[in-house]
Amino acid sequence: MAKEKRLLEVKNLVLYFRTTKGIVQAVDKVDLDLGYNDAIVIIGESGCGKTSMARAILRLLPRNVHTYSGQVLLGETDVMKLGEEDFRQNIRWVRISMVPQAAMNALNPVLRVGDQVAEPAIIHSGMSRKEALEQALKMFRMVGVPEDFATRYAFELSGGMRQRVAIAMALVTAPELVILDEPTSALDVLTQANIMNMLKQIKWNLGVSYILITHDISTSSELADRVAVMYAGQIVEVGDAFRFFASPLHPYSKKLMDSVPRLRADMEPDFITGQPPSLISPPTGCRFAERCPSRFERCDADPPMVVQDGRQVKCWLYV
Amino acid sequence: MATEERTQIAPAVVEARNEPVLSIRDLHVWFELRRWGFLLAGHVRAVDGVSFDLAEGEAIAIVGESGCGKTTLMRTILGLVRPTRGQVIFAGRNVGEMGMDGLRWYRSHVGYVQQDPYGALPPFLSVRRILEEPLIINRIGNHGERERRIRKVLEEVKMAPVEDFLPKFPHMLSGGQQQRVVIARAMVLEPKILVADEPVSMLDASVRVEILKLLEGLRRTHNLAVIYITHDLSTVRYFSDRIFVMYAAKIVERAPVEILLKRHRHPYTYALLEATPDPDAHNATVLKEVPPGEPPSLVKPPPGCRFHPRCVHKIAGLCDVEEPPYFEPEPEHLVACWLCR
């Protein structure tokens, strides 16, 4: 895996926030890599730091950042070393774009959706307004929005259509990497299936890579080449999707998979007892230990990331 | 109107099990559409001829996409919307004809669990006050009696130790705990029916099952009838007895869970099931089969079967002309589709 050329390599990424209650360790020493035309899904409970991690990659950070360090290599460039202006002009929305959470409800209500999709192309790709509008129409065809919708306003579209518009906005500058944060969580099953079909086709045809962030494990399998499981600010398991969905390694991943209600298998879902630890003062050892059914003495120390069966897992059981 | 007569006949066959706690009879809820404030421009037919019986202690799931009328159906059952035609019958009384006092009495027997727990809880009231409110409104007990019931219901929704939670405000609780408070509020009057509108869609996967199991436990201990409104077939599968599939204001198929999952007959049910993923890496390698188009307008629904414009099995000259009646391919299984004739 490591020999292949990687599109994105995140090394030792740390993102802490300052709050009135203390320092929140939202992302704690995370490593992640992604190939070309590859899709990794990041699954975990809310508050586990998955959105913070995506925002850290795109440098869309709030003001109360305490620590922000590590390496983010995009191809050959370490984008963490770039100045803010350089990053804005050459990276954000040019090489990496994002469909933020609830993007469909964040469209500008007073702009026609066609103009909205064209805007990143004008600003980032330096197109003229006319070219950008043409490009926007091309995107509309690709994401399955009828072209005459371009002159409509966001409130005139259904939720599914608005979500497609938000995706078109992320694709219009032809980025290499698109970060999708819960792209289908507020949508109906049929709309969800339609959007997933569309995202798959775009990946197959255009060769983009995706980072998909979701807590919906069933839907995540629609797009996943690889799966990363995040728990309490750390990645606890990364591996090939086929192997992961067939037999997850980390006790947390197993519990998470058991909690998924299945339609086609007769398996009554179970829940995980307890709550994730506070990220202000997380346990020094394994962060899942308190809820873990296979806990033993070694779990009081921080487990290393070990390679097992071609997958990485952060658990003492596999050392 | 031949079809409507049949819809009324069929439930009698299906629901002879035990005394229904709630009966819905040929329910129509239409909303008027006006132009310039006075010209009647038509009706939105949000619920168009729904009939069913809910037995004591039974859990049913109403499944459908947004805009199919399931929320209006729920609001009518809760007595928040008056039906245009048809009846909601509880304990022999028609809810649509009740006055304020009648509705207060009725609502004390029907608990409501909202979709978004944070939005459903008043932010400036403590958990104790939130749970006391329904008791005060219904003039139940004195202060000591109310306190006893509040503690009991909090224990039932497994919020222990009760002492810790009573003085808390909603924003101090996690999403799962907030939903427990919403359930406790719905349960504090000891209702006979619980209506749950997407009770877990805003929650994390791991908490979802916990909340659904809690509802299941309450149903068993209190012999509670539960109506789940949802668009997710995979979550209701383990927590309901019967599934009703709703499309464009009508129930198109209904059956006990196992029959619906294994021997569903309606093309729309098939589409919903196909679109619902299981966690399987194979999903990423294939495209899903999704019917084209979007659900129809409820102002001018298509003639005949309302699903026919999107249906791959459409029989020309029949499906687009005459509305399908309910067919009963096997006991307790009703399908409104000409393919079953």
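Two strands pair if DSSP finds at least two bridges between them. The views below use this meaning of pairing, and they show a predicted model.

**View 1. The open sheet of chain A.** Eight strands form an open sheet in chain A, in the order β6-β7-β8-β3-β9-β10-β12-β11, and their pairing is mixed. Each of the two edge strands, β6 (96-99) and β11 (305-308) of chain A, has a single partner strand, so one side of each has no neighbour in the sheet. From one strand to the next, the twist averages 20°. Strands of a sheet pair through backbone hydrogen bonds, in either the parallel or the antiparallel sense.

**View 2. Strands β10 and β12 of chain A.** Strand β10 (residues 234-240) and strand β12 (residues 311-314) of chain A are paired in the antiparallel sense over 2 bridges. Val238(A) has Gln312(A), in β12(A), as its bridge partner.

**View 3. Helices on the sheet.** Helix α1 (residues 50-58) of chain A packs on the sheet, where it touches β3 (39-43), β6, β7 (177-181), β8 (209-214) and β9 (226-231) of chain A. The direction of α1 makes about 150° with that of β7(A). Helix α5(A) also packs on the sheet, touching β6 and β7 of chain A, and its direction makes about 170° with that of β6(A).

**View 4. Helix α4 of chain A.** Helix α4 (residues 129-143) of chain A has 15 residues, and the distance from its first C-alpha to its last is 21 Å, close to the 21 Å expected at 1.5 Å a residue. Which residues of α4(A) are buried? They are Ala132(A), Gln135(A), Ala136(A), Met139(A), Phe140(A) and Val143(A). These residues lie on the same side of α4(A) because they cover an arc of only 150° around the axis. An α-helix has 3.6 residues a turn, so residues three or four places apart point the same way. On the other side of α4(A), Lys130(A) and Arg141(A) are exposed. The buried residues of α4(A) pack against α3 (113-124), α5 (159-171) and α6 (189-206) of chain A. After α4(A) comes Gly144(A), which has a positive phi, near 80°.

**View 5. Chain B against chain A.** Here 33 residues of chain B are in contact with 40 residues of chain A. On the side of chain B that touches chain A, α9 (205-222), α10 (233-236) and α12 (267-275) of chain B each supply at least two residues. The largest share of this side, 6 residues, comes from α9(B). By type, the residues of the side of chain B that touches chain A are 15 nonpolar, 8 polar and 10 charged.

Terms used. Residues numbered from 1 in each chain as written. Chains lettered and ligands numbered in written order. Predicted model: local features only at pLDDT ≥ 70, side-chain atom pairs only at ≥ 80, totals over all residues. Helix = DSSP H or I, 4+ residues; strand = E, 2+ residues; numbered from the N terminus. Expected span 1.5 Å × (residues − 1). Buried ≥ 20, exposed ≤ 12 C-beta atoms within 10 Å, placed from the backbone. Arc of directions from axis to C-beta. Contact = placed C-beta atoms within 7 Å. Axes fitted to C-alpha atoms, helices over the stretch in contact; angles between N-to-C directions. Nonpolar A, V, L, I, M, F, W, Y, C, P; charged D, E, K, R; others polar.
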